[in-house]
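Hi,

Here is the structure I promised to pass on. My notes follow below it; have a look when you get a minute.

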Amino acid sequence: MTTITDPPKESFRLSMLLYDTRYRSMTIQVIALIGFSAAVWWLVGNTIQNMNALGKDLSFNFLGEPAGYDINQRLIEYTSQSTHFRAAIVGVLNTLVIAVLGCALATVLGIVIGVLRLSNNWIVSRIMTVYVEMFRNVPVLLWIVLAMAILIETLPAPRDYKGDDATASMFLESVAVTNRGIFIPGPSFSNGFANSTISWLLVVGVLVASILAIRYVRAQATKKQEATGVRPTTWYLQLGLLVVPVSIVCIAMGLFWTSPELKGFNFKGGIHLRNSLIALWLALSLYTAAFIAENVRAGIMAISKGQSEAAGALGLRPNRIMSLVVLPQALRVIIPPLISQYLNLTKNSSLAIAVGYMDITGTLMGISLNQTGRELETLLLGMLIYLTISLLISAAMNVYNSRMQLMER
Amino acid sequence: MKNSIFLGALTVSSLIAGAAAAGTVDDVKARGVLNCGVSTGVPGFEAPNADGEWEGFDVDVCRAVAAAVLGDSKAVEFVPTTGKTRFTALASGEIDMLSRVTTWTFSRDVDLKFEFVGVNYYDGQGFMVPKELGVTSATELDGATVCIQTGTTTELNLADYFRVNNMSYEPVPIETQTEASQQYLAGACDAYTTDASALASVRSSFADASAHVILPEIISKEPLGPLVRHGDNEWGDIVRWTLNALIAAEELGVTSANIAELAAAPGDNPEINRLLGTEGSLGEMLGLDAQWAVRAISAGGNFGESFERNIGEKTPIGLARGLNAQWTEGGLMYSPPFR
């Protein structure tokens, strides 16, 4: 009788790591990992070694020390006695302001220009072609500097508003356009909270709550429409929800508008939109809009002509075809490259120092770096901040993108 | 295996670190050129002339050092730096010395690991305003918009001055002197603040210099001088004593006109003899030859000659000697003795 024995166990040999396909991929990955760690190790080691040779240490203690310098545009309380950390926060907020404003304007401009470039009107489409080619083929830094130079050199100085023979006058008695920026009336509260930030947060909170309520009303209306086929009229309810609660809060806190007035050297009161902000905002938006316009054009051209023709056959007018048929589908093509344009705009905002806009590059990686001499620390922090902002933008946009994608079952 | 890579990395990195710490004077001699950091342009102190050659009061210090070490005052590579990039350039070894209207402060000396070798201009921060504003004192600047170069001590002085005097202001930070003049002349700022010497220098470059006044208040102490990296004392000594040689030469009456004659043979004054190498071995102690100071002084003249030629009262800059006169004439310029 024969017994069936197990096949002899193949013993593991070292050469199998290379020649056996079961192990080879593992081997390659391990080698790659070791190589990568060695490279990182070398970089870090080299940095530390060189820092030691220069007699410098890695320390972030400077963040807690008084900054000693002033920042003109600040969204939160800040004086020269505040810490470098607070100065960095002021800078981050200024970066976010320019990023949000820039992305918004660039998107609007980009869509309009992209659509117009496909216009049947020869002149309009040619002008848009010239715009796109002009803006995207000249470095954005030049646009920023040019915008600033135009604002500074062409607009009147505040002292031109002075005296009886003033060469400039305020627009509607409340808006002053000067070469230091635009002064517009600003809201403030006469009996709000002592800390004005809390008052504003309250207003924003009420607004958000109103919008959520409006969404609820709309959802209810849709439900009813699906059940009965008749959509109830809700616009007055929506409008009321939007306006009434905010108005009540504002009146309760005593909202009033302060107009800018010329006092001494400058206009005082109201909101001061600085030249640096306007120049940077316009230049970045116009520049990025040229790229977005091309994305929009590509997106629209990706929708087959049959779609618009079918819609036309159903009797839709051209602008309805665009907004109901073409754009919703084109958005799926437009959004992914739009994300990278938003990221580009945000990173390009670091050129702000060219016009003296105090963003994170100007505060933490500019003046703080200079006053403390902590190059490595400030630059590492700056990189981390830009990385975080960029990742947040792309995460948010990816969520939006996945919502706009075709639902496939 | 990992261990050996680590050791290898350590060796390589220590080699790199080792190279950076080697003697600057040897590097300069091997290179045959002195890398000297200057600003992007402050007329009188450092600016390229019509032929594209750098000249000015600070540039003369660079040229004197190059003459002393390399024997050729033209063997200088001028590296323009901004207020922001200057310290990184020096710390990284991109430049051998920085001679760029830089204020000697505690934290720069101690924390940034630099060595200020002396002071070649005692300055202070001031304000310039257009005459038509009718401002006569800095205390009237409440609420003004002030143009200021970022990355300088002036930023902190300005904040302190306005806080102490309980006044408000709007800072407009600017990267370079040129942009600052542009904004100031267009009226985007009411006042421009920087060191008083630089204000005079900037004003001299305006089309109508008489339409601008420099206010009498000096709100800070700004001793300006050349600096080198910490830790290379031989190099620091060379730069320090080259500067001192220029100052001492003026005190001792050694000028570019009479230096050839004085250096030819030992004279009556032993200190001149030691300075010019006709007696003693001061050059050898520095690791240079005996004629080092002769070449340094011949490069751009003594301290006083350089001052008068670049920024003195007969130039468009028009600065009086004031604090920068020799100690024998009531100023602060005082070189330790050459012995």
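**Where the chains meet**

In this predicted model, 42 residues of chain B are in contact with 39 residues of chain A (contact: C-beta atoms, placed from the backbone, within 7 Å). On the chain B side, the elements giving two or more residues are helix 1 (2–20), helix 4 (86–91), strand 9 (144–149), helix 6 (153–164) and strand 10 (169–174). Helix 1 of chain B gives the most, with ten residues. By type, that side of chain B divides into 20 nonpolar, twelve polar and ten charged residues (Ala, Val, Leu, Ile, Met, Phe, Trp, Tyr, Cys and Pro are nonpolar; Asp, Glu, Lys and Arg charged; the others, Gly among them, polar).

**The chains themselves**

Chain B has 14 helices and 14 strands (DSSP runs, H or I of at least four residues and E of at least two, numbered from the N terminus). Its radius of gyration is 22 Å, close to the 20 Å from the globule rule for 339 residues, so chain B is as compact as a globular protein of that length (taken over C-alpha atoms; the rule is 2.2 Å times the number of residues to the power 0.38). Buried residues make up 50% of chain B (20 or more other C-beta atoms within 10 Å of a residue's own).

For chain A, the domain assignment (automatic or from a database) gives domain 1 (84–154 + 268–404) and domain 2 (187–255). Their centres, over C-alpha atoms, are 29 Å apart.

Housekeeping: residues are numbered from 1 along each chain as its sequence is written, and chains are lettered from A and ligands numbered from 1 in the order written. Local features need pLDDT of at least 70 and side-chain atom pairs count only at pLDDT 80 or more, while totals for chains, interfaces and linings use all residues.

Cheers

How values were computed:
A residue is buried if 20 or more other C-beta atoms lie within 10 Å of its own, exposed if 12 or fewer, and partly exposed in between; C-beta atoms are placed from the backbone. Two residues are in contact if their C-beta atoms, placed from the backbone, lie within 7 Å.
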